[in-house]
Amino acid sequence: MPSVLIVEDEPAIADTLIYALRSENFEVTHHITGQEGLEHFQKHPPDLAVLDIGLPDINGFDICRKIRESSTTPVLFLTARDSEIDQVLGLEIGADDYVTKPFSPRAVVARIRAILRRAQDSTHPSATPSSVTHPEPALLDHCEETMSIACSGYPLDLTAHEYKLLSILLAQPGRVFTREQLLEQAWEDPGSAMDRTIDAHIKSLRAKLREHSVTAADTIQTRRGLGYTLVL
Ligand code: CA
C-alpha cells in the first residue's frame, strides 16, 4: 500500500482527498500545519507528499525545500491561485506536479498514481519491466473540423491556446519548435506573451495528457535550451 502524507489546513479539501485515496487503498496521514507535516515526514517518510501552499505556519514551498534537503520523495502541490502556479513553475523547488483547486479528487488520485509509477520506473527499472519495454503508445487523434484532440480515445478538454500548441506540435512530430516559434504560431498577439507562458501551457498540456496515459505526457519533450518537440 503506497503511503501518502497530506498537509492541508482546509478540512473539506483534506477530507475529500483522504476519502478518495483510502478508497483506492492508499495509506493516508493528514496534518494541518506545516510543522507537524514536516515532523511526520521526517519520522515516517511517505511514498509521496501532497502539500497545500497556504498553511497556517510554514508555507508549502518551504516544506518542499526542507524535504528536498534530504529526500527525493515525490511532491504534489495543491495550488489555489495563479500566482502560486507561477511560483511552482518558476522556482526550482523540486515539485513533481501540481493541481489547481478546485479539483476532482479522482483526478488527483490518478495523478498520484502516475507520479508514483514514474518514480518507481526511474529508481527500479527492472522491477517494472512491462511498463519499460512495452510502453503504451500515445494515441493522439486530431480532428481539425471539430478542433479537438483525443488522447487514447478520450477527447481532451483543452483551452484555445493548449489546442493550438498541441496541434502545431502534432502536425510535425520530431521537429523541435522554439518557444518563439510556438508563440508566433499559437498566439494572436505574441508580443504580449512571454516564453514562460509557453512553459506553463506545456506543463498543463502534459498534465491533461497524463490523465489518460502516463506515456502520453512524455510525448511532448523538452529540448533543453532549444524548445519543445512531440515524439510519437
Ligand atoms: Ca490552505
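Student: Which exposed residues does H1 carry on the face turned away from its buried side?

Tutor: This is a predicted model, where local features need pLDDT of at least 70, side-chain atom pairs count only at 80 or more, and totals for chains, interfaces and linings use all residues. Residues are numbered from 1 along each chain as its sequence is written, and side-chain values use heavy atoms, with hydrogens and water left out. Exposed means over 50% relative accessible area, buried under 20%, and partly exposed in between (1.4 Å probe, protein chains only). On that face of H1 you'll find Pro11, Ala12 and Tyr19.

Student: And how wide an arc do the buried ones in H1 cover?

Tutor: The buried set is Ile13, Ala14, Leu17, Ile18, Ala20 and Leu21. They sit on the same side of H1, because the arc they cover around the axis (taken from the directions from the helix axis to the C-beta atoms) is only 165°.

Student: Which residues coordinate the calcium ion?

Tutor: Donors here are N, O and S atoms within 2.8 Å of the metal (3.2 Å for Na, K and Ca), and with water not among the atoms, the site may look incomplete. Along the chain, the donors follow the spacing D-x42-D-x1-G. At 2.2 to 2.3 Å, the ion is coordinated by Asp9 (OD), Asp52 (OD) and Gly54 (O).

Student: Is Asp52 buried or exposed?

Tutor: Gly54 is partly exposed, at a relative accessible area of 42%. Asp52 has a relative accessibility of 3%, so Asp52 counts as buried.

Note on methods: Helices (H or I, at least four residues) and strands (E, at least two) are DSSP runs, numbered from the N terminus.
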